[in-house]
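Colleague: Hi! Could you walk me through some side chains in this protein?
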Amino acid sequence: MTGEKDLHTLLATMHPVRRDGEFVYVLWPHGKALTGGIMAAVREAEGLTVVMPRADADDAGLPYDFVGAWITLEVHSSLEAVGLTAAVGAALTEAKISCNVLAGFHHDHLLVPVADADRALEVLHELALHELDQDSGREHPAPVLRLRTEQPEDRAAILALTAAAFAVSPVTGLPVDGEPEEVELLRRIFDSAEYLPEFSIVAELDGEIVGHVISTRGWVGELELLGLGPIAVVPRLQRHSIGTALMNETVARANAAGERGIALLGSPDYYSRFGFVPSTSLGVAPPEPGWGAHFQLLPLAVWPGGVSGTFRYAHGFTD
């Protein structure tokens, strides 16, 4: 069967499918016989690079620094086709997803970071859909994001999306063994006396809960503040401004309720865009000294000033 060369046809008919498992790039030891489930290999002047299942590399004690998800573009592309790799690469680059490409006789294969696998699949499906729409002239209406207060019947969906959002550690970048600790944290918060229903907010898209943020009561001395977190967005929709919408909704609700300020633990580069500053700059010490500038505060409209002390989270955070 002759492979397809027309770029438009390739994009419109490609069907991206994720292969089961996690895969790594390994520099194969010189002189070692090839064993295990090697999926691809490249001979370079510096040595032999192989792509293999992560479990096989672990069993063999072989080091690696990239854990990828394997996506196959199930369209029979010709090795002489022009533009497919560029188009796919451009779409993933715009979504800020790194991509390593392997070309086979029948298909092209992509290895993307495990944490970005769901989002990469969505980007590729959108790319194919766009090409189809060029033929039909149709435009798909953009779904409307709805923010609302969490209801008890939402709990199962919230816990599931939190498990998915934190399945890859934001600290190490590696998959988490077992249930992420943020899921159990949420369960404790829901059962705590400091749970504030109006500050448990879900983001809903076409009837699906795709994001959630929660803030609970916290204190500095006798001063009541909010402690924000965890915040989660389903992996395939991360970097789609859903987290931003949840943060802005939290700040708006907090100001409307006359709250004094919001504390959180997170990336200063990300949360500074919402006005958060290191808590120590406002006289507030983090619960753990090692948190440093990652523990931040947002002073709200009625921030009293002259605050001094150590922030205390709700019991659910520490029990």
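Predicted model: local features only at pLDDT ≥ 70, side-chain atom pairs only at ≥ 80, totals over all residues.

Colleague: Great. Where is E194 found?
Modeller: E194 is in the loop between helix 6 (181-190) and strand 9 (195-205).

Colleague: And is E194 buried or exposed?
Modeller: E194 is buried, yet it has no salt bridge.

Colleague: Which residues does E194 touch, then?
Modeller: Leaving out residues up to four places away in sequence, E194 touches T216, R217, W219, A314 and H315.

Colleague: New topic: how many aromatic pairs are there?
Modeller: The structure holds 12 aromatic pairs. One of them joins Y270 and Y271 edge-to-face, at 4.8 Å centre to centre and with 90 degrees between the planes. Y270 is partly exposed, with a relative accessible area of 26%, while Y271 is buried, at 11%.

Colleague: How about F295 and F311?
Modeller: F295 and F311 form a tilted pair, 5.5 Å centre to centre, with 50 degrees between the planes. F295 lies in strand 15 and F311 in strand 16, so the pair ties together parts that are 16 residues apart in sequence. Both F295 and F311 are buried.

Colleague: Which residues form one aromatic cluster?
Modeller: Y270, Y271, F274 and F276 do.

Colleague: Last one: what sits over the ring of F190?
Modeller: The charged end of R155 does, 3.9 Å from the ring centre. Likewise, R19 lies over the face of W70, at 4.1 Å from the ring centre.

Key:
Residues numbered from 1 in each chain as written. Heavy atoms only, no water. Helix = DSSP H or I, 4+ residues; strand = E, 2+ residues; numbered from the N terminus. Buried < 20%, exposed > 50% of the residue type's maximum accessible area, 1.4 Å probe, protein only. Lys, Arg positive; Asp, Glu negative; His and termini not counted. Salt bridge = Lys/Arg side-chain N within 4 Å of Asp/Glu carboxyl O. Contact = heavy atoms within 4.5 Å. Phe/Tyr/Trp six-rings, centres within 6.5 Å; stacked < 30°, edge-to-face > 60°. Lys NZ or Arg CZ within 6 Å of the ring centre and 35° of its normal.
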